[in-house]
Amino acid sequence: MTDDHGQTPMTDDEIEAASLGSAQQVNGQVALREYDPHWPAVYEREAALIGALIGARLDERPPGGGGRHRLEHVGSTSVPGLPAKPVIDMLLTVADPGDEAGYVPALEAAGYAVAIREPDWYEHRVLRKQDLDPSAGSANLHVLPGGCPEADRMLLFRDRLRTHPGDRELYAETKRALARQEWKYLQNYADAKTEVVERILKRARPNRAS
């Protein structure tokens, strides 16, 4: 349940089942903002906080019990020049996202709360923090296992948009057009971007023409 989820469109029942509490509803258009240069600094602040809280705990665990973690700024706020919802998306990779005891309590102390569980999809978790910053009202921390295809996909897509203006503009135009439509759930809007995301990823993958 994220932007560019990489699956077939989710049904209403699937969206609600994955959400702790109520799923994020739009019931109208999606509000996008033009790129804000403050967003990278907001990410860096949160990354430093998260690293201080859980870095040693995760990295000192034995192989198979946690492993070294990785934290990255992902999503549209990580791409200069791209319009986005004012939400800082972050990717945290760990050995086992299902082992919530290994990282969730520390993050709860910093204002994060588990919002989404998808045990059948790479044990994906999303922790959400509200009242983040004047430039970005909230943060989504996506937790995935290190080396999983979706983590690699998120980073590949981000890096393609950062380095290829044509694909960045294509994605921006798609986002603006879809944002003007009416949606029930935020996930419906995210799923609608899948076709153009896959086209861009096809160009980004090794041995593909750019």
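This is a predicted model: local features need pLDDT of at least 70, side-chain atom pairs count only at pLDDT 80 or more; totals for chains, interfaces and linings use all residues.
The chain contains seven helices and seven strands. Along the sequence these elements follow the pattern α-β-α-β-β-α-β-β-β-α-α-β-α-α. Of the 210 residues in the chain, 51% are buried. Among contacts between residues at least 6 apart in sequence, 67% join residues at least 24 apart.

Five of the strands form an open sheet with mixed pairing, in the order 2-3-6-5-4. Strand 2 (70-74) and strand 4 (113-118) stand at the edges of the sheet and have a single partner strand each, so one side of each is left without a neighbour in the sheet. From one strand to the next, the twist averages 25 degrees. Strand 5 and strand 6 run antiparallel and are joined by seven bridges. Arg125 stands opposite Val143, a residue of strand 6. Helix 4, residues 149-163, lies across strand 2, strand 3 and strand 6. The helix runs at about 45 degrees to strand 2.

In soluble globular proteins, nonpolar side chains tend to be buried together. In this model the largest nonpolar core has 25 residues. Within this core, Ile88, Met90, Tyr112, Leu127 and Leu141 touch the most other members. Two or more residues come from each of helix 2 (39-59), strand 3 (87-94), helix 3 (104-108), strand 5 (124-133) and strand 6 (136-145). Helix 2 gives the largest share of the core, six residues. When residues up to four places away in sequence are not counted, Leu127 touches Tyr103, Val104, Leu107, Tyr112, Ala113, Val114, Ala115, Ala139, Asn140, Leu141 and Val143.

Charged side chains are considered next. Side chains of opposite charge can pair when their charged atoms come close. The structure holds 15 salt bridges. In one of them, the side chains of Arg45 and Asp133 meet with an N to O distance of 3.3 Å. Arg45 belongs to helix 2 and Asp133 to strand 5, so this pair ties together parts that are 88 residues apart in sequence. Arg45 is partly exposed, with a relative accessible area of 38%. Asp133 is also partly exposed, and its relative accessible area is 22%.

Arg125 forms a salt bridge with Glu100, and the closest N and O atoms are 2.6 Å apart. This pair links distant parts of the chain, 25 residues apart, with Arg125 in strand 5 and Glu100 in the loop between strand 3 and helix 3. Both Arg125 and Glu100 are buried.

A further salt bridge joins Arg160 to Asp167, with the closest N and O atoms 2.7 Å apart. Arg160 has a relative accessible area of 6% and is buried. Asp167 is buried too, with a relative accessible area of 6%. Elsewhere, salt bridges that share partners join Arg45, Glu46, Lys129 and Asp133 into one network.

Note on methods. Residues are numbered from 1 along each chain as its sequence is written. Side-chain values use heavy atoms; hydrogens and water are left out. A nonpolar core is a set of buried Ala, Val, Leu, Ile, Met, Phe, Trp, Tyr and Cys residues joined through side-chain atoms within 4.5 Å. Buried means under 20% relative accessible area, exposed over 50%, partly exposed in between (1.4 Å probe, protein chains only). Helices (H or I, at least four residues) and strands (E, at least two) are DSSP runs, numbered from the N terminus. Contact means heavy atoms within 4.5 Å. Two strands pair if DSSP finds at least two bridges between them. Axes are lines fitted to C-alpha atoms, for helices over the stretch in contact, and angles run from 0 to 180 degrees between N-to-C directions. A salt bridge is a side-chain nitrogen of Lys or Arg within 4 Å of a carboxyl oxygen of Asp or Glu.
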